[in-house]
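Good morning, and thank you for making time for this.

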Amino acid sequence: MRGADYVIKRTAFAVITVFVAVTINFALFRLAPGSAISNLSRVPHATQELREALKREFGLDKSKGAQYAIYLKQLAHGNLGVSFENQQPVSHNLWEALKNTLPMVLLGTVFAIVFGTLTGVIAAWRRGTALEGATVTTALGFYSMPTHWLGLMLVILFTGVLPTGGMANDFLINPSFWTHLKDVLSHMVLPSLTLGLVLYGEYTLIVRSAMLETLGEDYILTARAKGLKPWAIVRKHALRNAMLPIATLVALSLGYIVAGAILIETVFSWPGIGRAVYDAVLQRDYPMLQGAFLLLTISVVFFNLVADLLYFKLDPRITT
Amino acid sequence: MTGLLEVEDLHVWFDLQDGGELHAVQGVSLSVEPGERLGLVGESGCGKTTTALAVMGLLPPSASVAGRVLLDGEDILAGGESTIRPHRWVDVAIVFQGAMNALNPVRTVASQIVEALELHGRARGAQARAEAGELLESVGIPAGRGERFPHELSGGMRQRAAIAMALSCRPRILIADEPTTALDVMVQAQILELLDALCRDFGLALLLVTHDLPVVAQLCDQGTVMYAGEIVERGSVDDLFHAPRHPYSRLLFAATPDLDGEGDEVASIPGAPPRLDRPLAGCPFRPRCDSAFSPCASLRPRLQTVGDRHAAACHLNGVPAEAAR
């Protein structure tokens, strides 16, 4: 079968990438200035004994090499460690944050993929018209807007209409499931929209240029000569070829979903993983950072692998 | 004389980026009779491919077209896409340059032939696939190869497959735009033989667009020479080769390398064709012509009959009375 080699090779490559990233993550946070201990012992008059005790408790008195070995061993057992900050297992912390981030980011990304692809295809097909001009200008506008600025503008615009911060109304007492869902969804609109609009710009531009390139190909002229109608040409001949760069883009942005969106989560006080990472950096919460970056690494590498395999499926010319 | 395909006074303008216009085809008239083979020759940029694409209504939106294209007397360009589309592939099919990516790289060869068959209601499903296989066999490709992707076939095979696809709906006219360019000489010869045989077997009329004169000599009955968007001479291939009545045709044929010729150097025509984005005064070929004389600078020569189905646009054949006035 075509491609057993290819799949094995790509998968092996992905596994190695994750291992290298894990190692770099481990080293990187320990190279950062500041120490976990000075944060943890931020009680007045912390004695040298207390600091030593804390160091021992968290295993920071061991050599870097020994720490690394312990880390890998625990990782192999699926143990991500315990957060320095709140003494909870890192996996628990991550899961709590991820649970909040995923729906919000996914909503924005899906919005961007659907509408960006649609307007990108239309813009390419209606090349040279006012419609294309308007689409491209809008897309460029959103794409070049700083995320946090767009978020703030939306906050100003929609204050009073939609909730602009947090994830749920804390003053709802014992809400029914539907009330709670409605509440969370209404809180989700603005952050998702901010993310969606920025990504929408990117998608429109990339889909348009991929489509334009494809529509200029000779086989499109052949398809017209064969008597196919315009929409059939797009569907049967152009899209599949234009999908190659688009598939990569989609896979890559799905990979970054778990990274959350630090800026957006900050603007909208969304208790997601981006915020958790930011807080962990401030606290030098090494296990938490390592865990979060491990999650991010695996997700990005995994979706890259998906993109590779998809590419292979879409393009018969790829053999290695 | 009623042709199967008649092009009457075809003009094509392209909008340029700077707002100007390029008059790429300037009043071309052609006639192809059933089963006839017409060669359209000229230098690069003389408007021959543009003419061929205009016949099928395949020019990009930046082009404006005037004139009529009659198929069995019906003006197929009159209503835009809606009047031309039913004739595409069914009556007029086209084969593009060999080097071109004329087949979709992500679909199998057979599926692209099946698509044409199904689109025009020739066959469906298994029957269409069987017919696609037969078509491939008829151009010398084993039917099983149809399940391959275009990149898995050689350049010559791809061109054969493109020809098989063009023949799928039994068109009456085949337009071949530089069908052998970018193929090696042996493959070129095979493709030409194939075209020759297919035209004979199917009674196809052929409009062959090429800059390769020997190809025209080998394959065509009639020839039309274009220069700077105009027809400068047309006639039987015999007449064109042996008794050209336009200096451009004469110099063009002289520029063809001759296998047993004594000359070491290949002749060429100095200079370049005029730019077509501005109006021309006089004969467009005058600056490069070796026999220009007084009327050439100011008077535009018209195509005039100089023999049986032979016409040329040159003042050497006599300045027409009404033009000389």
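This is a predicted model: local features need pLDDT of at least 70, side-chain atom pairs count only at pLDDT 80 or more; totals for chains, interfaces and linings use all residues.

**Helices of chain A**

Let me begin with helix 1 (residues 4–31) of chain A and helix 4 (residues 64–76) of chain A, whose axes come within 11 Å and cross at roughly 135 degrees. Residues are numbered from 1 along each chain as its sequence is written, chains are lettered from A and ligands numbered from 1 in the order in which they are written, and side-chain values use heavy atoms, with hydrogens and water left out.

Helices (H or I, at least four residues) and strands (E, at least two) are DSSP runs, numbered from the N terminus. Axes are lines fitted to C-alpha atoms, for helices over the stretch in contact, and angles run from 0 to 180 degrees between N-to-C directions. Angles under 35 degrees count as roughly parallel, over 145 as roughly antiparallel, 65 to 115 as roughly perpendicular, and the rest as oblique. Helix 1 of chain A and helix 4 of chain A are therefore oblique to each other.

Which residues meet here, if contact means heavy atoms within 4.5 Å? From helix 1 of chain A they include A:Phe19 and A:Phe26, and from helix 4 of chain A they include A:Tyr68 and A:Leu72. The residues of this contact divide into seven nonpolar, two polar and two charged, where Ala, Val, Leu, Ile, Met, Phe, Trp, Tyr, Cys and Pro count as nonpolar, Asp, Glu, Lys and Arg as charged, and the others, Gly among them, as polar.

Helix 1 of chain A also has helix 13 (residues 286–314) of chain A beside it, with axes that come within 9 Å and cross at roughly 160 degrees, and the two are therefore roughly antiparallel to each other. That contact has 17 nonpolar, five polar and three charged residues. Taken as a whole, chain A has 13 helices and zero strands, and its C-alpha trace spans about 85 × 55 × 35 Å along its principal axes.

**Sheets of chain B**

In chain B, an open sheet of eight strands has the order 6-7-8-3-9-10-12-11, with mixed pairing; two strands pair if DSSP finds at least two bridges between them. Strand 6 (92–95) and strand 11 (304–307) of chain B stand at the edges, each with a single partner strand, so one side of each is left without a neighbour in the sheet. Neighbouring strands of this sheet are turned by 25 degrees against each other on average, direction ignored.

A second open sheet of chain B has four strands in the order 2-1-4-5, with antiparallel pairing. Within this sheet, strand 1 (residues 5–15) and strand 2 of chain B pair over nine bridges, and B:Glu6 has B:Ser31 in strand 2 of chain B as its bridge partner.

**A salt bridge**

Finally, the whole structure holds 21 salt bridges over all chains, each being a side-chain nitrogen of Lys or Arg within 4 Å of a carboxyl oxygen of Asp or Glu. In one of them, B:Asp196 pairs with B:Arg37, the closest N and O atoms being 2.5 Å apart. B:Asp196 lies in helix 6 (residues 185–202) of chain B and B:Arg37 in strand 3 (residues 37–41) of chain B, so the pair ties together parts that are 159 residues apart in sequence.

Technical notes. Contact means heavy atoms within 4.5 Å.
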